[in-house]
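I opened this notebook to record, entry by entry, what I looked up. The sequence and the structure come before my notes.

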Amino acid sequence: MATASPSVFLLMVNGQVESAQFPEYDDLYCKYCFVYGQDWAPTAGLEEGISQITSKSQDVRQALVWNFPIDVTFKSTNPYGWPQIVLSVYGPDVFGNDVVRGYGAVHVPFSPGRHKRTIPMFVPESTSKLQKFTSLCLVASSDLQAAPPTEDK
């Protein structure tokens, strides 16, 4: 008797990370990756990527526009562990080092069709009082350095 091979289903994800709003930051870039259960496997496309650096728009929205394309296909025998997309947004600190400015995740939609998702971004916060104080001092000093020079007349 022939053994029946398990049937699989495919999940195709294509779209884009369109934009973000981080009013207090500029010159940010975005990384994405998918997390999924052990029964899932990518079969085509990229399951992670990194965008270009973008600056805030000059309109009142001050949006950071990436229009970053996503195209990946998964296969699975079980819906358990349905894929999620995880976004991380990075930008420079006062020393020019890239630091995380926010991160968030959302499940890939369960139903076929066009979907638009807004992902709430969580901003990391220092865990110790010393780190908070140091961060506060660095932000205050960067605000002082960012002030335009004044001329004495």
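I take helices (H or I, at least four residues) and strands (E, at least two) as DSSP runs, numbered from the N terminus. The model is a predicted one, in which local features need pLDDT of at least 70 and side-chain atom pairs count only at pLDDT 80 or more, while totals for chains, interfaces and linings use all residues. Residues are numbered from 1 along each chain as its sequence is written, and side-chain values use heavy atoms, with hydrogens and water left out.

Entry on two loop residues. I found Asp-27 in the loop between β1 and β2 (29-35), and its phi is near 55 degrees, a positive value in a residue other than glycine. I placed Gln-62 in the loop between β4 (48-50) and β5 (64-76), where its phi, near 50 degrees, is also positive. Most residues other than glycine have a negative phi.

Entry on Arg-101. I located Arg-101 in strand β7 (residues 98-107). Arg-101 is buried (under 20% relative accessible area, with a 1.4 Å probe and protein chains only). I noted that the side chain of Arg-101 reaches the backbone oxygen of Pro-92 at 2.8 Å.

Entry on Glu-18. I looked up Glu-18 in strand β1 (residues 9-20), and I saw that its C-alpha atom is separated by 8.4 Å from that of Pro-69, 51 residues apart along the chain. Leaving out residues up to four places away in sequence, Glu-18 touches (heavy atoms within 4.5 Å) several residues, among them Trp-66 and Lys-116.

Key: Buried means under 20% relative accessible area, exposed over 50%, partly exposed in between (1.4 Å probe, protein chains only). Lys and Arg count as positive and Asp and Glu as negative; His and the chain ends are not counted. A salt bridge is a side-chain nitrogen of Lys or Arg within 4 Å of a carboxyl oxygen of Asp or Glu. A polar contact is a pair of N or O atoms within 3.5 Å; within protein, one must be able to donate a hydrogen and the other to accept it, and residues adjacent in sequence count only if both atoms are side-chain atoms.
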